[in-house]
Amino acid sequence: LDAVPARNAVDSAALVAHGTLLEHGFVCVGLSDAASQAPVVASGSDGGATLQLVPPGWNAAADSYAFSYVHPLRGSAETFTLKAMAIGGTLAGHAASSAPA
């Protein structure tokens, strides 16, 4: 995530929250409003594959962020969403599962 351009400290905080979920095994499948339910994998010219860690447009909105994830231990039927909003210089975040409570 070091090479991902962040506009400000709030973008950086959103990347920290996103990176924490990735570190715990979650796989980002896109932005919450346009999630594909499958991770984005690109093939390289050398025959290798690259997993996209941050979806395009992740910071397109000035003050809000939304990511969708799946977790290999939970199956593809359950999805997870991380939404965050900048309030002043602070980032307020909420994570939720699609599983019924």
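Mentor: Helices (H or I, at least four residues) and strands (E, at least two) are DSSP runs, numbered from the N terminus, and two strands pair if DSSP finds at least two bridges between them. The model is a predicted one, in which local features need pLDDT of at least 70 and side-chain atom pairs count only at pLDDT 80 or more, while totals for chains, interfaces and linings use all residues. Residues are numbered from 1 along each chain as its sequence is written, and side-chain values use heavy atoms, with hydrogens and water left out.

The chain has one helix and six strands. Four of the strands form an open sheet, in the order 1-4-5-6, with antiparallel pairing. At its edges are strand 1 (27-31) and strand 6 (90-97), each of which pairs on one side only. From one strand to the next, the twist averages 25°; axes are lines fitted to C-alpha atoms, for helices over the stretch in contact, and angles run from 0 to 180 degrees between N-to-C directions.

Helix 1 (residues 9-23) packs on the sheet and touches strand 1, strand 4 (64-70), strand 5 and strand 6. Contact here means heavy atoms within 4.5 Å. The direction of helix 1 makes about 10° with that of strand 4. Strand 5 (residues 80-87) and strand 6 run antiparallel and are joined by eight bridges. Ile87 stands opposite Thr90 in strand 6.

Next comes the nonpolar core, a set of buried Ala, Val, Leu, Ile, Met, Phe, Trp, Tyr and Cys residues joined through side-chain atoms within 4.5 Å. Buried means under 20% relative accessible area, exposed over 50%, and partly exposed in between (1.4 Å probe, protein chains only). The largest such core has 16 residues, and Leu21, Tyr65 and Leu82 are among those with the most contacts inside it. Helix 1, strand 1, strand 4 and strand 5 each supply at least two residues of this core.

Aromatic rings also meet here. Rings of Phe, Tyr and Trp (its six-membered ring) pair if their centres lie within 6.5 Å; planes under 30 degrees apart count as stacked, over 60 as edge-to-face and the rest as tilted. The count by this rule is four aromatic pairs. The ring centres of Phe26 and Phe80 are 5.0 Å apart and the planes are at 85°, so this pair is edge-to-face. Phe26 lies in the loop between helix 1 and strand 1 and Phe80 in strand 5, so the pair ties together parts that are 54 residues apart in sequence. Phe26 counts as buried at 19% relative accessibility, and Phe80 counts as buried at 14%. Ring pairs link Phe26, Phe67, Tyr69 and Phe80 into a cluster.
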